[in-house]
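Good morning, and thank you for making time for this presentation. Please take a moment with the sequence and the structure before I go through them.

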Amino acid sequence: MSHVQPLSEQLDDLFVFEEEKELVCDPPATVHTPVPLPEAAVIAKAVTPEAMGDEQNNVWKILIIDDEPSVHRATELALRTFKFEDKPLVFYSAYSGAEGKQMIAQQHPDIALILLDVVMESHDAGLKVAQYIREELKNQQVRIVLRTGQPGEAPEESVILNYDINDYKLKVELTRQKLITTAISSLRSYRDIRIIERQRTELTHALEQLQQAQELLKVYSNNLEIEVSHRTAALQEANQKLHRLAMLDGLTRLANRRHFDEYLQQQWLLMMGLHQPLSLILIDVDDFKRYNDHYGHLAGDDCLKQVAQSIDGAVNRPTDLAARYGGEEFAIVLPLTSAEGAHQVAQKICTAIDALNLPHVQSSVGDRLTLSLGISCMVPQPQFFSATLISTADKALYQAKQQGRNRICTYAP
Ligand SMILES: [Mg+2]
């Protein structure tokens, strides 16, 4: 061989594949055995996957599946200097459909482009590889370019559609330039698919995080609501307790004077609006000063407690209010109650006091504790005040005392 064309020049030449034959370079047309390609070997060695690392970020992985060794070599030679987006290509070779399946399934799931022969161990081995990749491995990212020697082996259009086969070339068409064009368009789609896939993954991840955050927020919010409602309930209970205490007389546990004043005024207005009778009973313990003087203040207090209990026992309706009016005086507010109704309550109280049978040796009435009661009943009128009811009940009470105590008098205008 007088002149060996430099390899670089050879590579710029047109590569033509012949079905099931060796790579033919033009010129020289006579080369039928693989030309020793020292430089290519060096290149192949320099750009091995191991040397590059198999990070998809650094290289584009190309898998050539073809039962014809020369096709591998020619393809690598044609694309060896080509870079896409500044990243070189690395080549992997499989010489049968079975070997190709195994490589993408087990070793290189991140292959970007497969240049796939149709006829290998069987007439449709390549199509089976494509089917396997899409349907079994569910790998929709890798770009698949079919290459076949004869138009008669062209797959059905439906196969190309179903297996997302991205290009279909006759080997005779495959020049270096066409290979590069094919590589560019395939790698571009692969890159775009990867970007979309990554964005979808990121979006899914972000959505998951959002959902988790929402769940946490919901739980937190529920807990907060429960906590707030517990605390509110506790606070309400404490307030009610405080309110009740503020309304109660410490000794007798009946309503205190302040509560009585508020309640009487409230019921006065209410009964005025309803045109219904409001009754008031004022009660005085007969000769209580003498009782205290004789039995002592502790016994006096105890006596008042027992009287209060008797009064409380006679007042049953929730709207009725028994209160300690002051000293040994008590008062009962009876809304929606006639004078007769009030008299019945008064009578009930007297009966209860009789039943107590408390000794009172200093009493001007007898030797037992007794009460004097004055009743007033009005349908409240705008020209009067609730104090009118008190003063009339007081007059009735005074009358009861004047008449000898231990009795009930009702005010009659
Ligand atoms: Mg073949």
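Predicted model: local features only at pLDDT ≥ 70, side-chain atom pairs only at ≥ 80, totals over all residues.

How many helices and strands does the protein chain have? There are 13 helices and 13 strands in the protein chain. Of its 413 residues, 32% count as buried. As for contacts between residues at least 6 apart in sequence, 70% of them join residues at least 24 apart.

I begin with the sheet of six strands. This sheet is open, its pairing is mixed, and the strand order reads β4-β5-β3-β6-β7-β8. At its edges lie β4, residues 83-84, and β8, residues 167-170, each of which pairs on one side only. Within the sheet, β3 (residues 60-65) and β5 (residues 87-94) run parallel and are joined by six bridges.

On the α4 side the contact is made by Thr75, Ala78 and Leu79, and on the α8 side by Arg176, Leu179, Ile180 and Ala183. Sorted by class, this contact of α4 with α8 has five nonpolar residues, one polar and one charged.

Helix α5 (residues 97-107) packs with helix α6 (residues 125-136) at an angle of about 20 degrees, and the axes are 9 Å apart. Angles under 35 degrees count as roughly parallel, so α5 and α6 are roughly parallel to each other. Their crossing is right-handed. From α5 the contact takes Gly97, Gly100, Lys101 and Ile104, while α6 supplies Ala125, Gly126, Lys128, Val129, Tyr132 and Ile133. By class, the residues of the contact of α5 with α6 divide into five nonpolar, three polar and two charged.

Let us now turn to the sheet of five strands. It too is described as open with mixed pairing, in the order β10-β11-β9-β12-β13. The edge strands here are β10 (321-326) and β13 (408-410), each pairing on one side only. On average, and with direction ignored, neighbouring strands of this sheet are turned by 20 degrees against each other.

Is β9 largely enclosed by the rest of the structure or left open, and why? Eight of the eight residues of β9 are buried, so this strand is largely enclosed by the rest of the structure. In a regular strand, side chains alternate between the two faces of the sheet. On one side of β9 we find Leu278, Leu280, Leu282 and Asp284, and on the other Ser279, Ile281, Ile283 and Val285; all are buried, and both faces are covered.

The neighbours of β9 pair with it as follows. With β11, residues 329-335, β9 pairs in the antiparallel sense over seven bridges, and there Leu278 stands opposite Pro335. With β12, residues 371-378, eight bridges are formed, and again the two strands run antiparallel. In β12, Ile283 has Leu373 as its bridge partner, and Ile281 stands opposite Ile375.

Two helices accompany this sheet. Helix α13, residues 386-402, lies across β9, β12 and β13 and runs at about 145 degrees to β12. Helix α9 packs on the sheet through contacts with β9, β10 and β11, its direction making about 130 degrees with that of β10.

Where does Gln276 sit? Its place is in the loop between α9 (257-274) and β9 (278-285). Gln276 is partly exposed, with 15 other C-beta atoms within 10 Å. Setting aside residues up to four places away in sequence, Gln276 touches Met271, Leu336 and Val379. The C-alpha atoms of Gln276 and Pro380 are separated by 7.7 Å, although these residues are 104 apart along the chain. Thank you for your attention.

Technical notes. Residues numbered from 1 in each chain as written. Helix = DSSP H or I, 4+ residues; strand = E, 2+ residues; numbered from the N terminus. Buried ≥ 20, exposed ≤ 12 C-beta atoms within 10 Å, placed from the backbone. Contact = placed C-beta atoms within 7 Å. Nonpolar A, V, L, I, M, F, W, Y, C, P; charged D, E, K, R; others polar. Pairing = 2+ DSSP bridges. Axes fitted to C-alpha atoms, helices over the stretch in contact; angles between N-to-C directions. Parallel < 35°, antiparallel > 145°, perpendicular 65-115°, else oblique. Left-handed = near helix turned anticlockwise from the far one by under 90°.
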